[in-house]
Amino acid sequence: MILIDFATIRRHLFVAIYGMGSWLSINAMYVELPLLVNIIPEGWTFASYMVVILQLVCLLALLYSCVAYKFESLITGNVYAISVMCLMSVIGILMSAFVYNIPSTVSGEAHSVLLLIAIGIMGLPCTVSDMLFMPFISKFKESHIVATYFIGMGLSALVPSAISFAQVVPHKENDTDFGSEEHWVEGSFNVSVFMCLMAVIMAASLCGFLLLVRDRKINAVVEISSFHERLEDDGNSDASVVVRVKPKKKKLTIAENWFLLLLSCFLGGAQNSIMPTVLPIACRPYGQQTYHLANSLFIMANPVFCFIPFFVSIRHNFLFVIHTIFCTACLVFFIVMGAIGGIADHNLATILICIIAPCTSGLMSWERAAIAEVLRNDSSERGLFWCGTFTQIGAFVLAIVMFLLTTVFKIYGA
């Protein structure tokens, strides 16, 4: 039978709540983009500005990784640094709630400078989370604890997406008093209310982290077997007993380690930089409703797919390659959809986008969780630290590439 006690369940719950704060603030901004494109001066291209701001902030995260490499306490996740990052997220979210509709003039053109600054403030905790938040999980020995953290990361997308569905996207309506003139009808609540609510949820994530730290100090770490192994019940119900199960480990070769790190680099860039940039462009010919639905499904798929590693694990390099090829094919679909400028059958296009978008996001999240689990089992906190570092390197490089392609070379038009 599988041995699971209350302390283990509680710890997994705290890890999920803690992980929810990793990308909550930026995911909240992404789900609000369908509402913001008609308010902010950048319009539909704002996603590329947002991505490049995040990845410029990533330079600070990469600098942190260089410093952390010299200090073991930083590699395994510093409690004070994580707490400060969570507070920064709360501050950035609250700032965005009150400045999103205040444009500034730069070189004679209107830009959302204050909103971009707020995104930079909330973006630093997000970009550094892969190298600061995730390695902290290596302190815990429970089976599948990494998958639980990725579920929490998925909740950072699911929670704002679910709330955005209740918010409803503003839409055009004919004004009967003035003939056929159209005007925008606001959603059930505006961006300010939404972001204030996100700040409260981010504060709850900080509380979850502090409870996790407290729980680790006052409870013995209990190691449980994987969901595919059975333990004989010895009749001892004392939850304080430490159960030691030595899993069979296969040491990764240097080539295998680099292979997994490079996959993390590509998947991190594809999911965090390419998709957020090309998705709004691919949806633009079909309207805000399509974008709102596809964007929400895209980020809601993460926690669902992150449950899969509890039941189906990817271990072999060949399966990683096949999985990556399929993810790449889905990615190419959106790049092509954005380039062709729309197809005649809008209903078919909407259906395809709304099916492939969550599949792309979910499959990438599943593979990233599987890679992190393999690296964690092989080299503990250092494996997770380098996994997070390479994820951010990929996100940074591809964000710059996408920004140049969309705003400088304008491959998708004006």
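Predicted model: local features only at pLDDT ≥ 70, side-chain atom pairs only at ≥ 80, totals over all residues.

Helices here are DSSP runs of H or I with at least four residues, numbered from the N terminus.

1. Ser264: buried or exposed? Its relative accessible area is 3%. Buried means under 20%, so Ser264 counts as buried. Leaving aside residues up to four places away in sequence, Ser264 touches Ile371, Cys387, Phe390 and Thr391.

2. Now a helix pair. Helix α3 (residues 46-68) and helix α6 (residues 113-136) have axes that come within 8 Å and cross at roughly 45 degrees. Because of that angle, α3 is oblique to α6. The crossing in which α3 passes α6 is right-handed.

3. What makes up this contact? On the α3 side, the residues include Phe46, Tyr49, Met50, Ile53, Leu54 and Val57. On the α6 side, among them are Leu115, Leu116, Ile119, Gly120, Gly123 and Leu124. By class, the residues of the contact of α3 with α6 divide into 18 nonpolar and 4 polar, with no charged residue.

4. A word on the whole chain. The protein has 12 helices and 4 strands. Of its 414 residues, 55% count as buried. Taking contacts between residues at least 6 apart in sequence, 83% join residues at least 24 apart.

5. Finally, confidence. The mean pLDDT of the protein is 79, and 82% of the residues reach 70 or more. Among the elements, helix α5 (residues 79-99) has the highest mean pLDDT, 92, while strand β4 (residues 182-185) has the lowest, 51. Two stretches deserve a mention here. The pLDDT is below 50 over residues 220-231, a stretch with 34 contacts in the model beyond near neighbours in sequence. Over residues 235-247 the pLDDT is also below 50, and that stretch has 12 contacts beyond near neighbours in sequence.

Technical notes: Residues numbered from 1 in each chain as written. Heavy atoms only, no water. pLDDT = per-residue confidence, 0-100. Helix = DSSP H or I, 4+ residues; strand = E, 2+ residues; numbered from the N terminus. Contact = heavy atoms within 4.5 Å. Axes fitted to C-alpha atoms, helices over the stretch in contact; angles between N-to-C directions. Parallel < 35°, antiparallel > 145°, perpendicular 65-115°, else oblique. Left-handed = near helix turned anticlockwise from the far one by under 90°. Nonpolar A, V, L, I, M, F, W, Y, C, P; charged D, E, K, R; others polar. Buried < 20%, exposed > 50% of the residue type's maximum accessible area, 1.4 Å probe, protein only.
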